[in-house]
Amino acid sequence: MHEQIPETQARTSARFYEALDITASFDVLTEPSHYKPVPNDWFVGTADIVNSTGEIANGRYKTVNMVGAAVISAIANAIGSNTFPYVFGGDGASFALHVSQREIAERTLADLRRWASEKFDIELRAAIAPAPDIRKAGVDVRVARFAASSGADYAMFAGGGLAWVDEQMKAGHMMVGLSDPGAEPDLTGLSCRWTNVRAEQGEILSLVVLPTSGASERDFADIAQRVVQTIGGLNRAGHPVPVNGPRVGWSSPGLNLEAHSLRGHMPVWLFKCSLFFKTLFSWTLFKTDLNVGSFDPMHYKRMLSANADYRKFEDGLKMTLDCDPNTRARIEAILSNAETRGKVRYGLFAQSEAMVTCFVPSAMQDDHVHFIDGAAGGYAQAAAQLKT
């Protein structure tokens with residue numbers, strides 16, 4: 001019996017995230033008490049694109065988003081589950097896993113780095129940090145689960161741990177190396193075929209708000225709560241994707257990206273031909289809302305909207321909002337005051353459209369997830385303002 005205790009504890013620890021309570025109220029996630037610390041035998045992985053602002057300036061933001069979302073889809077496919085804490089950051093992503101999955105996560109990140117370099121000439125950097133190392137630095141990794149819909153939920157992060165790992169990565173510490181040439185991650189389910197979504201209330205506003213070192217958790221929670229309450233006055237709380245999903249269209253850039261991302265070792269022209277006919281079939285279904293077997297296109301589009309991650313907590317507050325001028329002014333007044341008091345740093349970036357990048361393990365299930373960002377720079381441009 002004595003020898004089985006550690007094994008039992010390990011199984012309980014590995015199921016930490018699955019056992020968390022799930023809340024359907026985004027507003028309550030401003031409260032620190034809703035976040036639980038990951039066990040000490042967990043680790044954090046993170047990856048982002050070097051010089052993403054330069055890539056955006058060269059018109060490659062759809063590629064930047066695709067590579068960022070690829071981190072999540074590759075890890076999910078590698079571990080065989082999408083029930084783990086992760087967060088999409090526009091030009092990268094972060095996640096947390098049990099130590100038993102470290103080797104496969106490290107290998108997958110190495111494959112992603114090689115793939116991004118060879119397929120898109122993009123430098124993706126990645127790092128892994130054990131939870132005890134993060135806590136020794138005086139910060140923590142705490143997680144909550146938010147039900148975007150009845151079919152999908154997302155992780156929210158607090159405690160400063162993700163931000164610390166990101167800083168360490170950018171300083172060259174805890175880095176994951178490159179796989180051998182030709183290595184490719186499994187990106188099954190990753191796609192970006194939808195056309196961009198135009199703002200209906202004024203503009204698509206990308207917002208990044210981070211606490212300063214002089215802000216207590218209570219300080220930041222109160223500020224975040226005021227911002228969340230303010231956007232509650234917008235139609236659908238600023239949700240940028242219509243209830244019935246994005247406008248049905250034909251995204252040639254998305255198809256080209258998907259072809260280069262998922263073709264494996266197949267010639268790109270051959271994979272593009274196959275993808276063209278698959279996309280044409282899907283486009284016809286969504287355009288006509290014609291049911292095929294048990295697949296209901298209207299239901300899928302409604303779930304796409306419901307499952308969109310347009311707002312999140314990631315050691316701070318990030319949002320992609322369909323926002324009117326008056327609400328933007330009220331948000332800026334709250335944040336400017338908080339910045340003057342030394343409590344937050346923030347960045348805002350406005351554009352006319354939002355972008356949708358999808359991870360769809362199965363179109364027949366309701367757990368497909370959709371990563372939302374501004375279509376002209378979004379989170380990366382807003383974060384760039386933080387640096388200045």
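Predicted model: local features only at pLDDT ≥ 70, side-chain atom pairs only at ≥ 80, totals over all residues.

Is Tyr 86 buried or exposed? With a relative accessibility of 5%, Tyr 86 counts as buried; the term buried applies under 20% relative accessible area, exposed over 50%, and partly exposed in between, with a 1.4 Å probe and protein chains only. Residues are numbered from 1 along each chain as its sequence is written, and side-chain values use heavy atoms, with hydrogens and water left out.

One part of the structure is an open sheet of four strands, with the order β12-β13-β11-β14 and antiparallel pairing. The edges are formed by β12 (311-313) and β14 (344-351), each of which pairs on one side only. From one strand to the next, the twist averages 15°. Helices (H or I, at least four residues) and strands (E, at least two) are DSSP runs, numbered from the N terminus, and two strands pair if DSSP finds at least two bridges between them. Within this sheet, seven bridges connect strand β11 (residues 203-211) with strand β13 (residues 317-323) in the antiparallel sense. Glu 203 stands opposite Cys 323 of β13.

Two helices accompany these strands. Helix α7 (residues 217-231) packs on the sheet and touches β11, β12, β13 and β14, and its direction makes about 15° with that of β13. Helix α11 (residues 325-340) lies across β11, β13 and β14 and runs at about 160° to β14. Such contact means heavy atoms within 4.5 Å; axes are lines fitted to C-alpha atoms, for helices over the stretch in contact, and angles run from 0 to 180 degrees between N-to-C directions.

Strand β3 (residues 42-49) is largely enclosed by the rest of the structure, because eight of its eight residues are buried. Trp 42, Val 44, Thr 46 and Asp 48 point one way from β3, while Phe 43, Gly 45, Ala 47 and Ile 49 point the other way, and all are buried. Strand β3 pairs with strand β5 (residues 92-98) in the antiparallel sense over seven bridges, and Ser 94 in β5 is the bridge partner of Thr 46. Seven bridges also join β3 to strand β6 (residues 124-130), again antiparallel; here Asp 48 has Arg 125 as its bridge partner.

The residue Pro 132, in helix α5 (residues 131-136), touches Trp 42 as well as Asn 40, when residues up to four places away in sequence are not counted. Pro 132 counts as partly exposed, because its relative accessibility is 27%. The C-alpha atoms of Pro 132 and Asp 41 are 7.9 Å apart in space, although the two residues are 91 apart in sequence.

Strand β16 (residues 369-374) is mostly covered, with six of its six residues buried. Val 369, Phe 371 and Asp 373 lie on one side, His 370, Ile 372 and Gly 374 on the other, and all are buried. Strand β15 (residues 353-359) is joined to β16 by six bridges and runs antiparallel to it, with His 370 as the bridge partner of Cys 358.

A pair of aromatic rings is described by the distance of the centres and the angle of the planes. Rings of Phe, Tyr and Trp (its six-membered ring) pair if their centres lie within 6.5 Å; planes under 30 degrees apart count as stacked, over 60 as edge-to-face and the rest as tilted. A search of the whole structure finds seven aromatic pairs. The pair of Phe 26 and Phe 313 is stacked, because the ring centres are 5.1 Å apart and the planes are at 20°. Phe 26 belongs to the loop between β1 (22-23) and β2 (36-37) and Phe 313 to strand β12, 287 residues apart. Phe 26 is buried at 2% relative accessibility, and Phe 313 is buried at 5%.

Tyr 86 and Phe 371 form an edge-to-face pair, 6.4 Å centre to centre with 75° between the planes. Tyr 86 lies in strand β4 (residues 86-88) and Phe 371 in strand β16, so the pair ties together parts that are 285 residues apart in sequence. Phe 371 is buried, with a relative accessible area of 0%. Phe 84, Tyr 86, Phe 88 and Phe 371 form one aromatic cluster.
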